[in-house]
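Please find below my notes on the structure, arranged as numbered points.

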Amino acid sequence: MTTKPYVPYQAEEPWLPFSEALLSWDEAFHHLMLNDHIRMIAYKAAIDEVIKPGDTVLDLGTGTGILGLWALEAGAGKVYGIDMDPEVLAIATSVMAQNGFEDRFVPINKLSFDVDLPERVDVLISEIMGNMGDNEGFQPILNDAIERMLKPGGKCIPLEVESHIVPVAACGAHEAVSKGDVATINDSYSLDPLLESHGVNSRFDMYYDAILPRATYLGSPALLKRYQDDWIQSSAYTEARTFDINTDGLLTGFKVYFVACLSPKRVLDISGDDILGRTTSDSWKHAYLPIAEPISVKCGDRLSLEFSRFYPIKEEGVTDRFRQGYEWQGSVKRHGDLVAMFRQATGARVLVGTAANATVHEE
């Protein structure tokens, strides 16, 4: 499969949140994913480890087909490739034909929720995590596919996904967001139309793709969510976390990233910050969740956070399966006294957990 050259980027350089534009992904973004060094290495190794000769495989969100191709090369007897974009699925079909696998690849141009396979599969492969883990709706999608399409005892790639969150002093990223200086791949993607489509008036009521180095951390990362086993859990939630600030600095928001156990021997960790050493993810990067007004914090301060995932309000009761919202709000206290409060949200919500039923986890 032909790929384009590696696209460089800088630390604290905010990029358009591509997980929020997934229905508009074009060939250029798929090329960016194909050049994502740590993504490609990790998935290739996991597929080679898990796939056995003759396995029937589901490639959920097949895109241009690279994961399905690797499964066939590893000995899969058949691969069902589901993708909702007919143009990108046509590319996948062409790739399979070019590699002599056209008779073993079954393209399906539907939403996976609407698919009934003629058989259950031995292995389900998917790479529909966003950089926060669940910001491409992967939990309900995988839960449905595992329940209806995977054989009992079948294998899933990934096995487990954890999301982590940490407060950061990312002044460069904050300044760029305030100016609307947000990078993108081409003119097909731009920030203001994306914000308008989400009903968001402030640039700070959105998260961004950005590499945020560990040097920006104001505390220790906390586990935010864990998805594993049968993937059954609510897709709307509120999680409460507290952080002990361990250095003086300017709180500008939060970094979120995922660590995925793809297979028993292969972990994909996108938290890396060495751009030149290629430990960073070119397509995912990290998620930067800014706050509008930075807060001066000191070592020993206590930061309380409520992080929520919800489904935004839709007119006439219409449900958008690929649109979720996030809210991050909280406060900073010093010696028990309130220093400041913050709240940002990527839209108006329908249903979300409350502090009364939130899971509290202290770091």
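1. Pro 158 sits in the loop that runs between β5 (150-157) and β6 (160-168), where strands, like helices, are DSSP runs numbered from the N terminus (strands: E, at least two residues; helices: H or I, at least four). The peptide bond leading from Ile 157 into Pro 158 is cis, and its omega is near 15 degrees.

2. On provenance, this is a predicted model, in which local features need pLDDT of at least 70 and side-chain atom pairs count only at pLDDT 80 or more, while totals for chains, interfaces and linings use all residues. Residues are numbered from 1 along each chain as its sequence is written, and side-chain values use heavy atoms, with hydrogens and water left out.

3. Lys 285, in the loop between β11 (266-269) and β12, has a positive phi of about 55 degrees, and with a relative accessibility of 2% Lys 285 counts as buried (buried means under 20% relative accessible area, exposed over 50%, and partly exposed in between, with a 1.4 Å probe and protein chains only). His 335, in the loop between β14 (325-334) and β15, has a phi near 55 degrees, again a positive value, but His 335 counts as exposed, at 79% relative accessibility.

4. His 286 belongs to strand β12 (residues 286-297) and is buried, its relative accessible area being 0%. Which backbone atoms does the side chain of His 286 reach? One is the backbone nitrogen of Leu 212, at 3.0 Å, and another is the backbone oxygen of Gly 272, at 3.1 Å; both are polar contacts, that is, pairs of N or O atoms within 3.5 Å, where within protein one atom must be able to donate a hydrogen and the other to accept it, and where residues adjacent in sequence count only if both atoms are side-chain atoms. Leaving out residues up to four places away in sequence, His 286 touches a set of residues that includes Asn 131, Tyr 208, Lys 255, Tyr 257 and Ile 270, contact being defined as heavy atoms within 4.5 Å.

5. Gln 344 lies in strand β15 (residues 337-345) and is buried, with a relative accessible area of 6%. A polar atom of the Gln 344 side chain lies 3.3 Å from the backbone oxygen of Phe 204, and the side chains of Gln 344 and Asp 205 are joined by a polar contact of 2.8 Å. With neighbours within four places in sequence set aside, the contacts of Gln 344 also include Pro 290, Ile 291 and Ala 292, as well as Tyr 326, Glu 327 and Trp 328.

6. Gln 233 is placed in the loop between β8 (222-228) and β9 (237-244) and, at 28% relative accessibility, counts as partly exposed. Its side chain makes a polar contact of 3.1 Å with the side chain of Lys 225, and Gln 233 also touches Gln 139, Arg 226 and Tyr 227, residues up to four places away in sequence not being counted. Gln 233 and Asn 143 are 90 residues apart in sequence, yet their C-alpha atoms are 8.7 Å apart in space.

7. Helix α3 (residues 66-73) is largely enclosed by the rest of the structure, because seven of its eight residues are buried; among them are Gly 68, Leu 69 and Leu 72. After α3 comes Gly 75, whose phi is positive, near 115 degrees.

8. Helix α2 (residues 37-50) packs against α3 at an angle of about 35 degrees, with the axes 9 Å apart (axes are lines fitted to C-alpha atoms, for helices over the stretch in contact, and angles run from 0 to 180 degrees between N-to-C directions). Met 40, Tyr 43, Lys 44 and Ile 47 of α2 meet Ile 66, Leu 67, Trp 70 and Ala 71 of α3. The residues of this contact divide into seven nonpolar, no polar and one charged.

9. For the protein chain as a whole, the secondary structure comes to seven helices and 16 strands, and buried residues make up 55% of the 363 residues. Among contacts between residues at least 6 apart in sequence, 80% join residues at least 24 apart.

Technical notes. Nonpolar A, V, L, I, M, F, W, Y, C, P; charged D, E, K, R; others polar.
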